[in-house]
Amino acid sequence: MQIIESIINKNNFSDNQSALQKICFNKLKVNPLPNKKSEIWRMASKPKLESFLDFTFSNDFHNPIFPEHLETQNILRIIIGENNEINIKKNNYVIKSLEEQHIVNLIKQKITNSDTSQNWSDLLNHYLTNKTNILGLNISGETVPDIEIISNSKTNLFNSKTLVINIEKNTEVNITQINLGDENCALSESSYLFIGKNSSVNHGIISYGQKKSYFINSLNVFQEKNSVYNLGSLQFKFNFARLEIDIEQIEGNAKTNIKGMQITSDNEQISTYAKIKFNGPNGYLNQLNKSLAKDRSHSVFEGLIIVPQIAQKTDASQLSRNLLLSDYAKIDTKPQLEIIADDVKCMHGATISQLNENELFYMRSRGLTLEQASKLQLRSYYQEIISFLPISKERWDLLALLLQNKR
């Protein structure tokens, strides 16, 4: 494992370390690999994790390849590592780059006193990422254009990216992150969203790779009072991928809505880990996670809702709905509640099923083939998540990508 060996041996990565990199280095050198005793790493495939860490590391910029039909009209597209100096001032909104020290200070708050086993992904990412692959944005205004942020890696290389977005109070914005993996590559990303009072954010994370691509994505969100955060996520076509979601309602009195899905085939493993913590009263959460697994693949979802004593009147629900399309595929799902407060409304549940045989029979009796009938059912299953993403069908045509048979 080239990257871990470099950390242990303290080679060229450490020649010009920043203060942030030194913090991460010291933590990683003690615990160079995630602790398998940690709940969020217990299910991770060790061979796939080792493969993720075995690529040649590169901080160079690699221009991603986009679908030919993709339009940029009315979209502010930013590719991390291409140009991180942004200063847009209009009558109704402002988007500008954050100062480097401000970015570092925000990240240090999260990782300095953190448990290595819980924040290993961020520690690795920040140790490896240089300043050219760190994007920091400050956003304010009520008519902010849709923002699309691209992260990507190149064949045979390991790339790391960091995104920090500060959203000021009374701001409304749609942000879509597109994470692209070339064939046989690795990508690591850490994202931080700080959402101000009375602000509303629609956030989409779309991650898809090619054969033998690997991806670890850590998302950290901090919500102030009366903010609304809507997150839609989609992961597919990675040999190994995991999305780690950590959301904190700083004082309660905020709303969080999450709809996510991971799709696996062949022998892939894709996971979602979500932790939502309420640090004040009157918080709201509605979370739905879907998994679809076929062939010999493995899908994992673990969710944790934390409601301490101070978080009275919390209303939170977490549902895991899963489709198993093979006798050899595997789905592990574990929604959890950790409740100390006594005046709350919280619920969680999980289901695992297969395509509805009665519906398939009905559609086939009306002239559809089995393949056509199956795709029609899957279309409905996918659409609930895709429609929640802040992105139009014309841009990426996600449904077509999901329904196609070719890998």
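**Exercise 1. Strand S11 and its cover**

Task: In this predicted model, how many of the residues of S11 are buried, and which residues lie on each side of the strand?

Solution: 
- Start with the count: 11 of the 11 residues of S11 are buried, and the strand is mostly covered. The cut-off to keep in mind is a relative accessible area under 20%.
- Next, recall a rule that helps with sorting: side chains in a regular strand alternate between the two faces of the sheet.
- Now sort the residues. One side holds Ser213, Phe215, Asn217, Leu219, Val221 and Gln223.

**Exercise 2. The partners of Val221**

Solution: 
- Look at S9 (residues 185-195) and S11: they run parallel and are joined by 11 bridges. Leu193 has Val221 in S11 as its bridge partner.
- Then turn to S13 (residues 240-249), which pairs with S11 in the parallel sense over 10 bridges. Here Val221 has Ile247 as its bridge partner.

**Exercise 3. The loops at the ends of S11**

Task: Where do Lys212 and Asn226 lie, and are they buried, partly exposed or exposed?

Solution: 
- Begin with Lys212, found in the loop between strand S10 (200-208) and strand S11 (213-223). Its phi is positive, about 60°, although Lys212 is not a glycine.
- Lys212 has a relative accessible area of 39%, so it is partly exposed.
- Move on to Asn226, in the loop between S11 and strand S12 (228-236). Asn226 is a residue other than glycine too, and its phi is positive, near 60°.
- The relative accessibility of Asn226 is 46%, so this residue also counts as partly exposed.

**Exercise 4. An open sheet**

Task: In what order do the 9 strands of the open sheet stand, and why is one side of S2 and of S20 left without a neighbour?

Solution: 
- Read off the order: S2-S6-S8-S10-S12-S14-S16-S18-S20, with parallel pairing.
- Check the edges. Strand S2 (75-79) and strand S20 (345-353) each have a single partner strand, so one side of each has no neighbour in the sheet.
- Zoom in on one pair. S14 (residues 255-264) and S16 (residues 284-293) run parallel, joined by 10 bridges, and Met261 stands opposite Lys290 in S16.

Methods. Residues numbered from 1 in each chain as written. Predicted model: local features only at pLDDT ≥ 70, side-chain atom pairs only at ≥ 80, totals over all residues. Heavy atoms only, no water. Helix = DSSP H or I, 4+ residues; strand = E, 2+ residues; numbered from the N terminus. Buried < 20%, exposed > 50% of the residue type's maximum accessible area, 1.4 Å probe, protein only. Pairing = 2+ DSSP bridges.
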